[in-house]
Amino acid sequence: MANIKTAVIGTGFIGPAHIEGIRRLGYVDVVALAEENDQVARQKADALCIPQAFGNYRDLLADKSIQAVHICTPNFLHYEMVKAALEAGKHVVSEKPLAMNSKESGELVAMAREKGLQNAVNFNYRFYPLVQEARQKIAAGEPGKVRLVHGSYLQDWLLFDTDWNWRLEPGVGGDSRAVADIGSHWCDLLTYITGQKIVEVYAKLDTIVPSRKKPKGRVETFTGSGTGDFEQVAIKTEDTASVMFKMFNGAVGNFMVSQVSPGRKNRLYFEIDCERMSFVWDQENPDSMWIGYRDKANQVLMRDGSLLSPQAAAFAHYPGGHPEGYPDLLKNFFDRFYAPIAKGTPIKTGELPPYADFAAGDYEVRVVEAILTSNKKQAWVSL
Ligand SMILES: NC(=O)c1ccc[n+]([C@@H]2O[C@H](COP(=O)([O-])OP(=O)(O)OC[C@H]3O[C@@H](n4cnc5c(N)ncnc54)[C@H](O)[C@@H]3O)[C@@H](O)[C@H]2O)c1
């Protein structure tokens, strides 16, 4: 059987991670990429050993042999690119956020449904084996009702006023920065694990670094502080957020988000307190999970397929003690996205897929909007 042909649009930080994840499947070929112009496209295609390079993504979409595309460009481009890809009949994996606002994301949900194409948003943290284990245990009822959900997502890569990225410009990144960029991952993950949607929020957002030095040259994500010529720019989006929330089943929670916490690189951390058990997990140490009890000794569960439920073990590919991490998430995700296409039975409209679909992406856009509204009004806001 011939391999599926796919393509990636945008190859800065996360685009090449998608390419690596896709290649590890073995049954999907990355046959093309698109970049912002012909020169960058050619350079990237040569560096990544991809046959076709396009300086305009619409030319890539015109290739009928390409069945799916991954949208890995800055946020403001997602809506137009996803829309064009669906119009061209491609299955679509979009980076988060799905769009800049819920009007656009809602349109994309409706369009993907109407076209009957597979659609996904890269909420990759769902695909850790121990995240799956917590989810399985809660779904099976052993811990009892979920009562408290709390934690944080902290980074330090925008700590200094010399740190710059397109995410700092609302027209390119959106009206929310820290919440949309990383808070949305936290909310998606905790919604996924607990099976409970966030239905009400109360938020306080702060801009800790009010003015930054914007380099006059080009800067890619996570490439460090600028050193050359710059212009001083006032910052309009949040560096940090503190959010309280209520979930559908009555559980309550809170989380802190920050892109200015020294020493915290990508620390997505949560605690879920249920009636009989608690779960604590940290993305920077993903191969162990603390499980707390009242009536017996607490446990530290290591990621070892032989110790996990069969559902969670399916996400672990190496024996315990052989660390797995961030790149494995994309492999796990893409295998679940492409396997139905490879079998000739794409996931149909209305079926709940084993990944975040556009509806889940649209819901996270709405959570972010509710957080922005709550911050403005200093009041609880319902979703
Ligand atoms: N899910 C995750 O864990 C995760 C992690 C990082 C980034 N992201 C998301 O991925 C997206 C990209 O982020 P990044 O950090 O890789 O940014 P980046 O700036 O490193 O890369 C963006 C790339 O898009 C290219 N691009 C810009 N305009 C284009 C156009 N018109 N056509 C084709 N390519 C174009 C740029 O040249 C660049 O190579 C964002 O939406 C971000 O939120 C998600």
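Reader: At what angle do the axes of helix α1 and helix α10 cross?

Author: Keep in mind that this is a predicted model. Helix α1 covers residues 14-23 and helix α10 covers residues 326-342. Their axes come within 8 Å, and the crossing angle is roughly 60 degrees.

Reader: Is that crossing of α1 and α10 right-handed or left-handed, and what does the angle make α1 relative to α10?

Author: On handedness, the crossing of α1 and α10 is right-handed. Angles of 65 to 115 degrees would count as roughly perpendicular and those under 35 as roughly parallel. The angle here is roughly 60 degrees, so α1 is oblique to α10.

Reader: Which residues make the contact between α1 and α10, and how do they split by class?

Author: From α1 you get A17, H18, E20, G21 and I22. On the α10 side, P327, L330, K331 and F334 take part. Sorted by class, that contact has five nonpolar, two polar and two charged residues.

Reader: How far apart are the C-alpha centres of domain 1 and domain 2?

Author: Domain 1 comes in two pieces, 4-124 + 334-357, while domain 2 is 129-321. Ten residues of domain 1 are in contact with twelve residues of domain 2. On the domain 1 side, the touching residues divide into seven nonpolar, two polar and one charged. Between the C-alpha centres of the two domains, the distance is 24 Å.

Reader: What is the strand order in the open sheet of six strands, and which strands are its edges?

Author: Pairing in this sheet is parallel, and the order reads β3-β2-β1-β4-β5-β6. The twist averages 20 degrees from one strand to the next. Pairing on one side only marks the edge strands, β3 (52-54) and β6 (119-121).

Reader: Which residue in β6 stands opposite V93?

Author: Strand β5 takes in residues 91-94 and runs parallel to β6, with three bridges joining them. In β6, the residue opposite V93 is A120.

Reader: And in the sheet of nine strands, which residue of β14 is the bridge partner of Y269?

Author: That open sheet has mixed pairing, in the order β16-β15-β14-β13-β7-β12-β11-β8-β17. Within it, β13 (residues 267-274) and β14 (residues 278-282) pair in the antiparallel sense over five bridges. In β14, the partner of Y269 is D282.

Reader: Which strands does helix α11 touch where it packs on the sheet?

Author: Helix α11 spans residues 358-377, and its direction makes about 55 degrees with that of β8 (198-206).

Technical notes: Residues are numbered from 1 along each chain as its sequence is written. This is a predicted model: local features need pLDDT of at least 70, side-chain atom pairs count only at pLDDT 80 or more; totals for chains, interfaces and linings use all residues. Two strands pair if DSSP finds at least two bridges between them. Helices (H or I, at least four residues) and strands (E, at least two) are DSSP runs, numbered from the N terminus. Two residues are in contact if their C-beta atoms, placed from the backbone, lie within 7 Å. Axes are lines fitted to C-alpha atoms, for helices over the stretch in contact, and angles run from 0 to 180 degrees between N-to-C directions. Angles under 35 degrees count as roughly parallel, over 145 as roughly antiparallel, 65 to 115 as roughly perpendicular and the rest as oblique. A crossing is left-handed if the near helix is turned anticlockwise from the far one by less than a right angle, and right-handed if clockwise. Ala, Val, Leu, Ile, Met, Phe, Trp, Tyr, Cys and Pro count as nonpolar, Asp, Glu, Lys and Arg as charged, and the others, Gly among them, as polar. Domain bounds come from an automatic or database domain assignment.
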